[in-house]
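Open the model in your viewer and keep the selection panel at hand. The stops below run from the interface between chains to single residues.

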Amino acid sequence: MATQTTLTPRERVMKFLKGEEVGRPPIFSGMGNVIVPVLEKYGINFAKVHRDPALMAKAAAGMYREFGFECAVVPFDLGVEAEAMGAKMNFYDDVDGLLYPTVKEKSVKDVEDVKIPADLAQAGRIPVVTGAVRKIREELGNDVAIGTYILGPFTLAGQVKELDELLEDSFVEPEKTNVLLEKISDLIIGVFKIYHEAGADYFTLREMGATSDVISPKSFKSLIKPHLIRIISKMPRPAILHICGDTNSIVEDMAECGADAISVDQKNCITDTREKLGTEVIILGNVDPIKVLHQGASKDVGPAVLESLNGGASAVWPGCDFWPEVPHQNMEEYVKALKS
Amino acid sequence: MKLVQIAGYLGSGKTTLILTLVKELSGGGSKVAVLVNDVGEVSVDGRVMEKYGLAVKDIGGGCICCQVAGNMRKTLELLAKNYRPDVTIVEPTGIAVPNAVREIAQTLAPKNNMRIGVTVVLFDTSRAEKLLGYDTLKRLVSTQLRDADIIALNKVDVASNEKIEQSRAAVQQINPQAEIVRLSNRTGEGVQTIAQAVREITMKA
């Protein structure tokens, strides 16, 4: 059996997520993990990286190669599943600046419009992601943990259906939304299976739209939580549940969804969360990816990392995707603080 | 560049008010841009607003998360650099929280000569019971109202006086600091008051 000092990065991540003792927590994330310092070094165009498995793999692996992350995570944007469901994306090829792809044309008006493609593995950019997973494994072998993520059912519903309508339906016709989320959940379970078969190691369900900023804890419990429980029960493991924004009132519900770990962002009071959930639950978070990592001074990065750890995070994750234009030095400080 | 927000839940009359404000501000010599944070509306609004020679940007998304916030930040930066408007009116999606937009602008302001203007949140008085009656919606609508500098009680031309006064009392309770304005996009009531508030803050900034 490997000792703490001989753990490979992948072993560290996987053992950590199983709740085993690994000494220093792993340096990893389960969300958008692509940054400009890596893209520039490899000459990769951001608008193109989302559509080419080789470029995606190279950019993801670059976080390990250039900064010592113990993971490579794909994809990078939030439109993969939506596109597989028929939504049209804007990749901003012609914008003179970095913008994440967004949905420009939604595909779902009514529940009946939700269709799981017969060949889901080949739908939209899903083969790009699976291709990237295989390529990363080919290039980095078993050294590095490969993470993938999929949006949660409510968030994904908001990508394929007009948000206002979704919210309106959620209270006027909750059963209608329930059926919609049920169908979308089936698709999510299917895509996770495909990512697992491609060789991914750990899996994050990102239900960022279910933040208490927008959805009341009561609605979260009645409308969204049952679907998260079902998805997580069928997800490959280890599974992580992430929700952005204000999660202070729903962390117990998040923990009850059955994932191996939960992830929260900077709006969460992690000390309170630790107190509520006890010592056994793996909590990931919650360094502010914008104010600290992107816009903060490099001297403030280390203290922010420590604050999360001292507050009760089992390992540090950024609160959400890294904003890709994170300064090189800030990223170095981030990794340095995590290694020390 | 000054940033003004016209926010409010779906169907509250944001787009109509924005078009009116754009005419007012452009007529006064200001260069105005409109940022529509809603893919669903942008194809329609884009065409309408382009008639007035505006720069309309689709920052799209449809999910409240860092990538959308990052895209908005970047788009505002690009607007400030490439189009140099005097005023940018942001129309966030109906489920956006105005404070989130304000926070984005605040992080940009120092480096981009950007100033934060007024946040107007529209409240549809004809649907007051629904907006504040349902648990799911009440939370969001209240959050939006709390972030307002001005709450515009809209559609006063179709709502009964009783409903208007009930709305006034309800929103006042949620945000006692906000200035409350009666608004009718149809009759024009209140439009000048809001335009003036935008102008004043624009001039102050």
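Predicted model: local features only at pLDDT ≥ 70, side-chain atom pairs only at ≥ 80, totals over all residues.

Residues are numbered from 1 along each chain as its sequence is written, chains are lettered from A and ligands numbered from 1 in the order in which they are written, and side-chain values use heavy atoms, with hydrogens and water left out.

**Stop 1: the side of chain B that touches chain A**

Select helix 2 (39-50), helix 3 (66-82), helix 4 (98-112) and helix 6 (135-146) of chain B; each supplies at least two residues of the side that touches chain A. Helices (H or I, at least four residues) and strands (E, at least two) are DSSP runs, numbered from the N terminus. Helix 3 of chain B gives the largest share of this side, ten residues. Coloured by class, the side of chain B that touches chain A shows 14 nonpolar, 14 polar and ten charged residues. Here Ala, Val, Leu, Ile, Met, Phe, Trp, Tyr, Cys and Pro count as nonpolar, Asp, Glu, Lys and Arg as charged, and the others, Gly among them, as polar.

Now show both partners. The contact (heavy atoms within 4.5 Å) takes 46 residues from chain A and 38 residues from chain B. The area buried between the two chains is about 3,500 Å², and carbon and sulfur atoms give 57% of that area. Buried area is the accessible area (1.4 Å probe) that two parts lose on being put together, summed over both.

**Stop 2: salt bridges between the chains**

Four salt bridges are counted between chain B and chain A. A salt bridge is a side-chain nitrogen of Lys or Arg within 4 Å of a carboxyl oxygen of Asp or Glu.

Select A:Lys291 and B:Glu103, a salt bridge whose closest N and O atoms are 3.9 Å apart. Next take B:Arg127 and A:Glu168, where the closest N and O atoms of the salt bridge are 3.7 Å apart. This pair crosses from the loop between strand 5 (115-124) and helix 5 (128-133) of chain B, which holds B:Arg127, to helix 8 (residues 163-172) of chain A, which holds A:Glu168. A:Glu168 counts as buried, at 14% relative accessibility. Buried means under 20% relative accessible area, exposed over 50%, partly exposed in between (1.4 Å probe, protein chains only).

**Stop 3: salt bridges within chain A**

Over all chains the structure holds 37 salt bridges. Select A:Arg137 and A:Asp201, whose closest N and O atoms are 2.8 Å apart in a salt bridge.

Are the two ends buried or exposed? A:Arg137 is buried, with a relative accessible area of 17%, and A:Asp201 is buried at 6%.

Move to A:Asp186 and A:Arg230, which meet in a salt bridge of 2.8 Å, N to O. A:Asp186 lies in helix 9 of chain A and A:Arg230 in helix 10 (residues 217-234) of chain A, 44 residues apart. A:Asp186 is partly exposed, at 35% relative accessibility.

Then select A:Lys109, A:Lys161, A:Glu165, A:Asp169, A:Glu173 and A:Lys176 together, which are linked in a network of salt bridges.

**Stop 4**

Select B:Lys74 in helix 3 of chain B. B:Lys74 is buried, with a relative accessible area of 12%. Leaving aside neighbours within four places in sequence, B:Lys74 is in contact with A:Gly97, A:Leu98, A:Leu99, A:Trp323 and A:Glu325.

Finish at B:Thr143, in helix 6 of chain B. B:Thr143 is buried at 16% relative accessible area. A polar atom of the B:Thr143 side chain lies 2.7 Å from the backbone oxygen of B:Arg139. Beyond neighbours within four places in sequence, B:Thr143 is in contact with A:Asp213 and B:Val97.

Conventions
Polar contact = N/O pair within 3.5 Å; in protein donor to acceptor, adjacent residues only side chain to side chain.
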